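We will go from the whole chain to single residues, one stop at a time.

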Amino acid sequence: MKKLSTTLLAVVIASAVFFKACEEAERLIAVLGIELNQSSVEMSVGTTLTLVPTISPADASNPAIRWESTDTTVATVDAGTVTAIAPGVSTVMAITVDGGRIARSVITVTDTVKSDTIIPVTGVALGQTTATVGIGQFLVLTATILPENATNQNVIWTSSNPTVASVLNGTVIGLTPGTTVITVTTQCGGMTASCVVTAVPAVPVVHIELDRTIATIYTGETVQLIPTVFPENATNQTVNWLSTNPAVATVVDGLVTAVSGGSATIVATTEDGNHSATCVVTVRIPVEGVTLNEASATLTLGDNLWLVATVYPVNASNQNVIWSSDNTAVATVNSNGGVTAISAGTATITATTQDRNFTATSTITTLYAPATGVTVNPTTVTIYAIGRTATLTASVLPWNASQNVTWTSNNPAVATVNDNGVVTAVGLGSVAITATTAILMNYASKN
């Protein structure tokens, strides 16, 4: 009876051990798959890179991996770090210890590059070290490799808390409220930079405005457009810019640059909600100078002359000029450049561009026409007492000849005459009073 009891006790103990082992086995989480961050890579001899494995599920009980290269004369691998040895092709494999799952990356090694042409990475930087992203919204982080001409520009992005925000090629998406650290790591040298990203419930954009809706600028000039996103606490303040006519005006981050004459509409669109605001930009071609067809001219009194202003360049947006005379008593000019000689003398006619006030001038000299005759009125006059006077008037022909005459008396003992044609009786008798036209040494008509 004692022997039977001992036997039963041993069976019970063995059964307990068996069931406990089965229970522990049930708690183990098996590896179901493995992936590498790059399925194929091209490398230069002497360079290295790090392959990053991802095991699924993430909470697998045994995540251990062993690494192999199918051709170690081409490339070797150690804990995921691949070193290019010689030109050729090798496949690097990541093999899970649990289940023997395999992920592969085909490594192509190019011809030997001289060591002094390989520029190593010395650092990496992110455009921002802290950022906020709305749940379900995107945030783009930009990594700058140092130096900028480093040979290997490849980087790896990771999130310390992918349940809060995940990252792919620098684009972060908010998933749940919280904070995570987004890290970028260079393949060459393992340099890192980080940005603390806080995911918050998103405040949607409802409207956008620009500080101006119209603008006029000249070619080569710029104007900065400033957007305002509403509400001011909207989570995603990112604005994308577009020019409807980049041949006329381009835009980068709201800075508009005039390229050529014409019109373009600048459109600012919110990344969140696709709300838009516009500014119509008119680009003008500036005036660079003006010339006149006549630098100088000589006119006869009463003649007309048309001056023609040429504004440069010929495609300048504003071709208008303003005309003026510095001596309107001598010559006037109308709004179309028509000059009229008023009296003898000199006047300067000026054309001034409305755009930028460039000027051009023409010197106008106005002369009298030559006299062809003269008449005196009255032709006879009787003065009835010594000391009395009479006034004679001379008219020179043509009307635009100088009206100046010289008065003379052929018998000053009877009557005298002054420069104004006033005759004074001196004694009794008859006398002839003569008006003689001025002698013009030269004259000219319109050129």
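The tour below tells you what to select next and what you will find there.

**Before you start**

This is a predicted model, in which local features need pLDDT of at least 70, side-chain atom pairs count only at pLDDT 80 or more, and totals for chains, interfaces and linings use all residues. Residues are numbered from 1 along each chain as its sequence is written, and side-chain values use heavy atoms, with hydrogens and water left out.

**Stop 1: the whole chain**

Select everything and zoom out. Along its principal axes, the C-alpha trace spans about 200 × 55 × 25 Å. The chain has a radius of gyration of 50 Å, whereas a compact globule of 447 residues would have one near 22 Å. (The radius of gyration is taken over C-alpha atoms, and the globule rule is 2.2 Å times the number of residues to the power 0.38.)

Now colour by secondary structure: there are 1 helix and 43 strands. Helices (H or I, at least four residues) and strands (E, at least two) are DSSP runs, numbered from the N terminus.

Of the 447 residues, 34% are buried. Here buried means under 20% relative accessible area, exposed means over 50%, and partly exposed lies in between (1.4 Å probe, protein chains only).

**Stop 2**

Select residues 192-200, which form strand S18, and show the side chains.

Two strands pair if DSSP finds at least two bridges between them. Strand S17 (residues 178-186) runs antiparallel to S18, with 8 bridges joining them; Thr183 has Ser194 in S18 as its bridge partner. Strand S11 (residues 130-134) runs parallel to S18 and is joined to it by 5 bridges; here Val133 is the bridge partner of Ala199.

**Stop 2: the largest nonpolar core**

Select Leu210, Leu225, Trp241, Val256, Ile266, Val281 and Val283. These residues have the most contacts inside the largest nonpolar core, which has 23 residues. A nonpolar core is a set of buried Ala, Val, Leu, Ile, Met, Phe, Trp, Tyr and Cys residues joined through side-chain atoms within 4.5 Å. Among the elements that give two or more residues to this core are strands S19 (207-210), S20 (214-218), S26 (262-270) and S27 (276-284). S27 gives the most, with 4 residues.

Centre the view on Ile266. Leaving aside neighbours within four places in sequence, Ile266 is in contact (heavy atoms within 4.5 Å) with residues including Leu210, Leu225, Trp241, Val256 and Val281.

**Stop 4**

Show S20, S27, S26 and S23 as a cartoon. They form an open sheet of 4 strands in the order S20-S27-S26-S23, with mixed pairing. S20 and S23 stand at the edges with a single partner strand each, so one side of each is left without a neighbour in the sheet. The twist averages 25° from one strand to the next. (Axes are lines fitted to C-alpha atoms, for helices over the stretch in contact, and angles run from 0 to 180 degrees between N-to-C directions.) S20 and S27 pair in the parallel sense over 5 bridges, and Ile217 stands opposite Val283 in S27.

Now show the open sheet of 3 strands, ordered S21-S25-S24 with antiparallel pairing. Strand S21 (222-224) and S24 are at its edges, each with a single partner strand, so one side of each has no neighbour in the sheet. S24 and S25 pair over 4 bridges, and Val252 stands opposite Leu255 in S25.

**Stop 3: two buried residues**

Select Thr350 in strand S35 (residues 345-353). Is Thr350 buried or exposed? Thr350 is buried, with a relative accessible area of 16%. Beyond its neighbours within four places in sequence, Thr350 is in contact with Ile322, Trp323, Ser324, Thr359, Ala360 and Thr361.

Finish at Ala390, found in strand S38 (residues 389-391). Ala390 is buried, with a relative accessible area of 12%. Not counting residues up to four places away in sequence, Ala390 touches Val381, Ile383, Gly421, Val422 and Val423. Try the distance tool on Ala390 and Thr424: they are 34 residues apart in sequence and 6.7 Å apart in space, C-alpha to C-alpha.
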